[in-house]
Amino acid sequence: MPGYKRPCRFCGNLVDENSAACPFCSRAHPLQMVCPHCFAPVQAAWTVCNACAKPLVIPCPRCNAPAGPDDDICGKCHSVVRYRCPACAAVIAPGAKRCERCGTKLKDFWKSKGP
Ligand SMILES: [Zn+2]
Ligand SMILES: [Zn+2]
Ligand SMILES: [Zn+2]
Ligand SMILES: [Zn+2]
């Protein structure tokens with residue numbers, strides 16, 4: 001069955017509803033704001049996920065500005081706030097060998113990010 005398409009909430013292009021990331025703007029979870037850890041739907045005002053109790057707003061490692069569930073890049077200093085699995089868009093620890101959620105090997109992903 002072909003996937004049902006809906007507009008990406010970042011760029012407005014139509015994306016498949018099962019997409020982990022928008023193929024046009026490459027933002028994660030293009031249709032709904034979700035917890036970056038367990039993928040439960042979350043509201044913009046929440047600071048902690050109702051489902052897994054992990055923090056949704058984390059400080060930027062460089063400038064300490066708060067970064068919400070959609071802010072993978074700091075809006076203030078443009079540092080990377082969190083990395084995501086290229087296959088499923090779950091948060092991955094910097095340098096992790098595999099995605100804890102889907103098991104994708106991340107060696108090539110870190111290579112593509114450079115040293
Ligand atoms: Zn998009
Ligand atoms: Zn969660
Ligand atoms: Zn920052
Ligand atoms: Zn994954």
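Colleague: Is Asn-64 buried or exposed?

Modeller: The general idea is a count of neighbours: a residue is buried if 20 or more other C-beta atoms lie within 10 Å of its own, exposed if 12 or fewer, and partly exposed in between, with C-beta atoms placed from the backbone. Asn-64 has 11 other C-beta atoms within 10 Å, so Asn-64 is exposed. Before we go on, note that this is a predicted model, in which local features need pLDDT of at least 70, side-chain atom pairs count only at pLDDT 80 or more, and totals for chains, interfaces and linings use all residues. Residues are numbered from 1 along each chain as its sequence is written, while chains are lettered from A and ligands numbered from 1 in the order in which they are written.

Colleague: Which secondary structure elements does the protein have?

Modeller: Elements are DSSP runs numbered from the N terminus: helices are H or I with at least four residues, and strands are E with at least two. Here there are six strands and one helix. Starting at the N terminus, their order is β-β-β-β-β-β-α. Asn-64, for example, sits in the loop between β3 and β4 (66–67).

Colleague: What is the phi of Asn-64?

Modeller: Most residues other than glycine have a negative phi. Asn-64 has a positive one, near 75°. Ala-89 is not a glycine either, and its phi is positive at about 70°.

Colleague: Where is Ala-89, and is Ala-89 buried or exposed?

Modeller: Ala-89 lies in the loop between β5 (83–84) and β6 (91–92). Ala-89 counts as buried because 22 C-beta neighbours are inside 10 Å.

Colleague: Which residues form the largest nonpolar core?

Modeller: A nonpolar core is a set of buried Ala, Val, Leu, Ile, Met, Phe, Trp, Tyr and Cys residues joined through C-beta atoms within 7 Å. The largest one here has seven residues: Ala-28, Cys-85, Ala-89, Ala-90, Val-91, Ile-92 and Cys-99.

Colleague: What does Ala-90 touch?

Modeller: Two residues are in contact if their C-beta atoms, placed from the backbone, lie within 7 Å. Setting aside residues up to four places away in sequence, Ala-90 touches Arg-84, Cys-85, Cys-99, Arg-101 and Cys-102.

Colleague: Where is Pro-86, and what does Pro-86 touch?

Modeller: Pro-86 is also placed in the loop between β5 and β6. Its 16 C-beta neighbours inside 10 Å make Pro-86 partly exposed. Not counting residues up to four places away in sequence, Pro-86 touches Thr-104 and Phe-109.

Colleague: Where is Cys-35, and which residues is Cys-35 in contact with?

Modeller: Cys-35 belongs to the loop between β2 and β3. With 23 C-beta neighbours inside 10 Å, Cys-35 is buried. Beyond four places in sequence, its contacts include Ala-40, Val-42, Cys-49 and Leu-56. Lys-107 is 72 residues away from Cys-35 in sequence and 25 Å away in space, C-alpha to C-alpha.

Colleague: How many C-beta neighbours does Val-42 have inside 10 Å, and how many does Gln-43 have within 10 Å?

Modeller: Val-42 has 22, so Val-42 counts as buried. Gln-43 has 9, so Gln-43 is exposed. Val-42 is in the loop between β2 and β3, and Gln-43 lies in the loop between β2 (14–16) and β3 (58–59). Leu-56 is 8.8 Å from Val-42, C-alpha to C-alpha, and 9.9 Å from Gln-43. Among the contacts of Val-42 outside four places in sequence are Met-33, Val-34 and Pro-69.

Colleague: What is the radius of gyration of the protein?

Modeller: The radius is taken over C-alpha atoms, and the globule rule is 2.2 Å times the number of residues to the power 0.38. For 115 residues a compact globule would have a radius near 13 Å, and the protein has 14 Å, which agrees. The C-alpha trace spans about 40 × 35 × 25 Å along its principal axes.

Colleague: What percentage of the residues count as buried?

Modeller: Of the 115 residues, 19% do. As for contacts with a separation of 6 or more, 12% are between residues 24 or more positions apart.
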